[in-house]
Amino acid sequence: MLRPGQIRPNEGQCSASLSLLGPFRLCDPDGQDRTPASPRHQAILAILALAPNCTVSRAKLQDMLWGEKEPRRAAQSLRTALHALKAELKDFDAPLLEIDAKNVRLNEAAVAIDVLEIERRGSDALPAHFK
């Protein structure tokens with residue numbers, strides 16, 4: 001069941017829906033709230049969702065979220081956060097994150113992102129109470 005403000009994934013093809021408008025929320029295809037508890041994990045997902053091609057370099061994420069730390073400690077904090085976030089998201093039907101040595105990518109094919117759905121489909125993607 002969709003919650004108020006939640007965007008229905010296009011044609012049920014997505015493993016998850018990510019709501020950035022209103023309260024931050026990550027839901028599975030059944031509408032169950034699977035939002036990560038950590039604000040940093042939520043920030044990583046939001047940053048990726050809004051980035052071109054849903055991809056951000058590890059260096060940029062590190063600077064955005066741990067820029068005040070010494071670079072080695074910031075890199076370790078990012079590695080730890082990505083490992084924990086990936087573990088939190090492991091039960092979705094498709095992998096939501098793709099992580100390599102240089103970049104982190106949100107699998108846009110597996111996640112319906114409300115902002116992007118509205119951009120693509122216009123008012124058809126809006127929940128009924130917004131129309």
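**In what order do the elements of the chain run from the N terminus on?** The order is β-β-α-β-α-α-β-β-β-α. This is a predicted model. The chain has four helices and six strands.

**View 1. Overview of the whole chain.** The chain holds 131 residues, and 42% of them are buried. Its accessible surface comes to about 7500 Å². Carbon and sulfur atoms hold 51% of that surface. Among contacts with a separation of 6 or more, 54% link residues 24 or more positions apart.

View 2. Three strands line up in the order 2-1-6, with mixed pairing. Strand 2 (25-27) and strand 6 (111-113) are the edge strands, and each pairs on one side only. Neighbouring strands are turned by 20° against each other on average, direction ignored. Strands of a sheet pair through backbone hydrogen bonds, either parallel or antiparallel. Here, strand 1 (residues 16-19) runs antiparallel to strand 2, joined by three bridges. Strand 1 runs parallel to strand 6, also through three bridges.

View 3. Leucine 18 has leucine 26 of strand 2 as its bridge partner. Serine 19 is bridged to arginine 25, also in strand 2. On strand 6, valine 111 is the bridge partner of alanine 16. Which residues point one way from strand 1, and which the other way? Ala16 and Leu18 point one way. Ser17 and Ser19 point the other way. All four are buried.

**View 4. The hairpin of strands 1 and 2.** Five residues lie between strand 1 and strand 2 in this hairpin. Glycine 22 sits in the turn. Its phi is positive, at about 80°.

**View 5. Helix 4 on the 2-1-6 sheet.** Three strands form this open sheet in the order 2-1-6. Its neighbouring strands are turned by 20° on average, direction ignored. Helix 4 (residues 114-121) packs on the sheet and touches strand 1 and strand 6. The direction of helix 4 makes about 70° with that of strand 6.

View 6. Strand 4 and strand 5 (residues 103-106) run antiparallel and are joined by three bridges. Leucine 97 has leucine 106 of strand 5 as its bridge partner.

**View 7. Packing of helix 1 and helix 3.** Helix 1 (residues 39-50) and helix 3 (residues 71-88) pack at about 85°, with their axes 10 Å apart. The two helices are therefore roughly perpendicular. Helix 1 contributes His41, Ile44 and Leu45 to the contact. Helix 3 contributes Ala81, Leu82, Ala84, Leu85 and Glu88. By class, the contact residues are six nonpolar, one polar and one charged.

Note on methods
Residues numbered from 1 in each chain as written. Predicted model: local features only at pLDDT ≥ 70, side-chain atom pairs only at ≥ 80, totals over all residues. Heavy atoms only, no water. Axes fitted to C-alpha atoms, helices over the stretch in contact; angles between N-to-C directions. Parallel < 35°, antiparallel > 145°, perpendicular 65-115°, else oblique. Contact = heavy atoms within 4.5 Å. Nonpolar A, V, L, I, M, F, W, Y, C, P; charged D, E, K, R; others polar. Pairing = 2+ DSSP bridges. Buried < 20%, exposed > 50% of the residue type's maximum accessible area, 1.4 Å probe, protein only. Areas by Shrake-Rupley, 256 points an atom, 1.4 Å probe, with all protein chains shown as cover.
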